[in-house]
Amino acid sequence: MSAVSRSHFRSELGHSHHDHTHGTIDPGLLTTKRGIWAVKWSLIGLGATAIFQVVIVFFSGSVALLADTMHNIADAATAIPLWIAFALARRKPSRRFTYGYGRVEDAAGVVIVLTILLSAALAGYESINRLLHPQSVKHLWAVAVAAVIGFAGNELVAIFRIRVGKQINSAALVADGYHSRVDGLTSLGVLFSAVGVWLGYPLTDPIIGLVITVTIAAIVWESGKAIFTRLLDGVDPEVTDEITHALSQTQGVRDVAEVRLRWSGHRLHAEVNLGVDCTLTVTAGHAIAVEARHQLLHKLPYLSNVTIHVDPEHLSGESYHSVSEHTHAGLPHHSHR
């Protein structure tokens with residue numbers, strides 16, 4: 001690589017001459033369509049469950065069922081920002097938003113977490129108020145039926161959301177799925193409250209309401225960590241290790257210096273620095289970069305965008321890209337790291 005010992009080159013999406021393609025355009029459209037499809041049916045399922053429970057709350061006066069119903073309503077409402085996010089993610093990148101609109105999905109995740117937090121606060125308030133001012137619960141059989149239906153509806157939606165979310169690598173959709181699962185378990189808590197009241201322990205109802213509130217708060221904490229980790233460009237270290245291993249197995253790659261990853265919605269973007277034999281030509285080095293990208297996209301289906309920077313192996317890594325202190329154009333002495 002003597003002719004280019006101090007030059008570098010990049011291999012990006014769209015630069016391959018293979019007969020088949022990998023990348024963000026078609027797969028992205030497919031995954032967002034699946035996301036919208038999942039969100040739509042989740043909204044229908046949870047909406048129907050919540051409407052049924054609202055009717056029972058009105059006639060029974062159960063605060064435990066009220067807390068569960070508010071949670072279900074909040075869960076159904078979270079489908080709306082996800083729907084908007086998936087729809088926007090289908091738009092092509094622009095000159096202003098050069099990476100596309102995947103971050104809208106992460107913003108939707110924040111809205112979801114805040115919505116769940118609000119439902120927890122309202123449920124907690126109503127439960128404490130009922131503890132201080134007890135009221136009788138009527139139609140216990142209807143409360144029990146509503147609890148069972150709430151559990152069934154949420155569990156079905158949870159399975160659906162988690163499955164699709166994992167298929168398209170959407171943290172927001174998976175978080176919403178686990179939220180639905182725990183929400184289904186809290187519905188069973190309403191069943192216990194109905195049994196407790198029937199046995200002559202009226203305070204069981206607001207106590208279960210508080211238990212549901214604490215459960216919702218735990219969901220907020222776990223979902224919030226997942227969403228804000230992505231907003232801060234955090235990734236699972238195992239993903240970095242997997243990509244590093246795949247690159248090191250590519251023929252011609254002598255060194256994997258840096259691997260930087262970040263999620264944009266459910267799309268994972270990667271930037272890597274590779275070291276190759278310094279005697280290679282630019283064309284040969286470029287061919288290694290293209291093959292490394294090709295192998296990554298084949299082996300790691302969650303990866304949708306790759307930028308590969310190739311260096312001669314004895315100058316591999318960003319530490320060799322820094323510019324020492326210098327001056328030009330009348331500027332004071334400065335460096336670039």
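Leaving aside neighbours within four places in sequence, Leu65 is in contact (heavy atoms within 4.5 Å) with Gln53, Ile56, Val57, Ser60, Val143, Ala146 and Val190. Leu65 belongs to helix H2, where helices (H or I, at least four residues) and strands (E, at least two) are DSSP runs numbered from the N terminus. With a relative accessible area of 0%, Leu65 is buried; buried means under 20% relative accessible area, exposed over 50%, and partly exposed in between, for a 1.4 Å probe and protein chains only.

The model is predicted, with local features needing pLDDT of at least 70 and side-chain atom pairs counting only at pLDDT 80 or more, while totals for chains, interfaces and linings use all residues. Residues are numbered from 1 along each chain as its sequence is written, and side-chain values use heavy atoms, leaving out hydrogens and water.

Turning to the chain as a whole, nine helices and six strands are found. Of its 337 residues, 47% count as buried. Among contacts with a separation of 6 or more, 74% come from residues 24 or more positions apart.

Helix H2 (residues 63–77) also packs with helix H4 (residues 103–132). Two packed helices are described by the angle between their axes and the distance between the axes. Here the axes come within 9 Å and cross at roughly 170°; axes are lines fitted to C-alpha atoms, for helices over the stretch in contact, with angles running from 0 to 180 degrees between N-to-C directions. H2 and H4 are therefore roughly antiparallel to each other, a label for angles over 145 degrees, whereas those under 35 count as roughly parallel, 65 to 115 as roughly perpendicular and the rest as oblique. On the H2 side, Val63, Leu66, Ala67, Met70, His71 and Ala74 take part, meeting Thr115, Ile116, Ser119, Leu122, Ala123, Glu126, Ser127 and Arg130 in H4. This contact has eight nonpolar, four polar and two charged residues, with Ala, Val, Leu, Ile, Met, Phe, Trp, Tyr, Cys and Pro taken as nonpolar, Asp, Glu, Lys and Arg as charged, and the others, Gly among them, as polar.

Met70 counts as buried at 17% relative accessibility, and touches Ser119, Leu122 and Ala123, not counting residues up to four places away in sequence. Met70 and Ser119 are 49 residues apart in sequence and 6.1 Å apart in space, C-alpha to C-alpha.

Ser193 lies in helix H6 and counts as buried at 1% relative accessibility. With residues up to four places away in sequence not counted, Ser193 touches Ala64, Thr204, Asp205 and Ile208.

Asp233, in the loop between H7 and helix H8 (237–248), is partly exposed, with a relative accessible area of 33%. Its phi is near 60°, a positive value in a residue other than glycine. For comparison, most residues other than glycine have a negative phi.
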